[in-house]
Amino acid sequence: MKNKITVFKAFVCRKKEETYLNEMNKRGWKLSMLRFGFYTFIKTEPNEFMTVLHFAERQYQTTFLRTVTECGCEVAHQESAGKYILFYINAPVGSENIDFLTDNQSKLNFNKRLSLQYKREFIPLFAVIPFTVLPVLMSIPITAMIFRTAPEDPYSLMKDYLFGYIGNAVLFLCGLICATMGAYILVLYSKTKREIKRISNEMKIFE
């Protein structure tokens, strides 16, 4: 029986990623390493651990890691996120010492950092669209005008512009991909903002 497996996954939504990792925990596979989209899991008892994604300020990294260790948790992976570090933490299920990872304040902070990350990812994706789609749109009337005044051998002209069309097609495809990804991230951003509002209202009720 295998004690270790490696699975390739690509996630844009952090919450879907966390859900996936905890589904693996329920099946008895705990995250041990993550590199370039390859998730490595080791065999454990089903429902023995839960995986929590948590943003911590870079300046408090040492203190945070010490607190995590003292609570019986372990860090499976960490990655830079600007002024923060995103930690993938494996915590024993039922532990009473992990409130700082799972309470409403922690969830609120996580969603705030997540919304900022989505916002930063959204801006550059949409910024490249004018440079990929507009050249293609502009080439259509120009090409039509050229062919209206084409020489006697239009096939020769068509051959000359074939490579240009291929380049435009590649540009358009890149723009379409960026637009699709940007729209998806915008949806995630909106959902995160609603989650922030929900948690904030819930915290006010219990004050």
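Let me start with a term: a residue counts as exposed when its relative accessible area is over 50%, and as buried when that area is under 20%. Anything in between is partly exposed. Keep those cut-offs in mind. And remember that this is a predicted model.

Now apply the term. Phenylalanine 36 has 76% relative accessibility, so it counts as exposed. Where does phenylalanine 36 lie? In the loop between strand 2, residues 29–35, and strand 3, residues 38–43. Its backbone is worth a look too. Phi of phenylalanine 36 is near 55 degrees, a positive value in a residue other than glycine.

Asparagine 47 also has a positive phi, near 60 degrees, and again the residue is not a glycine. Look for asparagine 47 in the loop between strand 3 and strand 4. Is asparagine 47 buried, exposed or partly exposed? Partly exposed, because its relative accessibility is 49%.

Let's step back to the whole chain. There are six helices and six strands. Along the sequence, the order is β-α-β-β-β-α-β-β-α-α-α-α. The chain has 207 residues, and 32% of them count as buried. Take the contacts with a separation of 6 or more: 68% of them come from residues 24 or more positions apart. The accessible surface is about 13,300 Å², and carbon and sulfur atoms hold 62% of that.

Next, a buried residue. Histidine 54 sits in strand 4, residues 49–57. Its relative accessibility is 11%, so histidine 54 counts as buried. What does histidine 54 touch? Leaving out residues up to four places away in sequence, the list includes Phe64, Ile85, Phe87, Phe100, Ser106 and Phe110. One of these partners deserves a second mention. The side chains of histidine 54 and serine 106 are joined by a polar contact of 3.4 Å.

That takes us to helix 4, residues 104–127. Ser106 and Phe110 are among the buried residues of this helix, along with Leu114 and Tyr118. Here is a rule to go with that. An α-helix has 3.6 residues a turn, so residues three or four places apart point the same way. Helix 4 has 24 residues and spans 35 Å from first C-alpha to last, close to the expected 34 Å.

Last stop: the surface. Phe172, Leu173, Leu176, Ile177 and Met181 make a nonpolar patch of about 440 Å². Leucine 176 belongs to helix 6, residues 154–205. With 46% relative accessibility, leucine 176 counts as partly exposed.

Technical notes: Residues numbered from 1 in each chain as written. Predicted model: local features only at pLDDT ≥ 70, side-chain atom pairs only at ≥ 80, totals over all residues. Heavy atoms only, no water. Patch = residues over 30% accessible without salt bridge, like charges linked within 9 Å, V, L, I, M, F, W, Y side chains within 5 Å. Areas by Shrake-Rupley, 256 points an atom, 1.4 Å probe, with all protein chains shown as cover. Salt bridge = Lys/Arg side-chain N within 4 Å of Asp/Glu carboxyl O. Helix = DSSP H or I, 4+ residues; strand = E, 2+ residues; numbered from the N terminus. Buried < 20%, exposed > 50% of the residue type's maximum accessible area, 1.4 Å probe, protein only. Polar contact = N/O pair within 3.5 Å; in protein donor to acceptor, adjacent residues only side chain to side chain. Contact = heavy atoms within 4.5 Å. Expected span 1.5 Å × (residues − 1).
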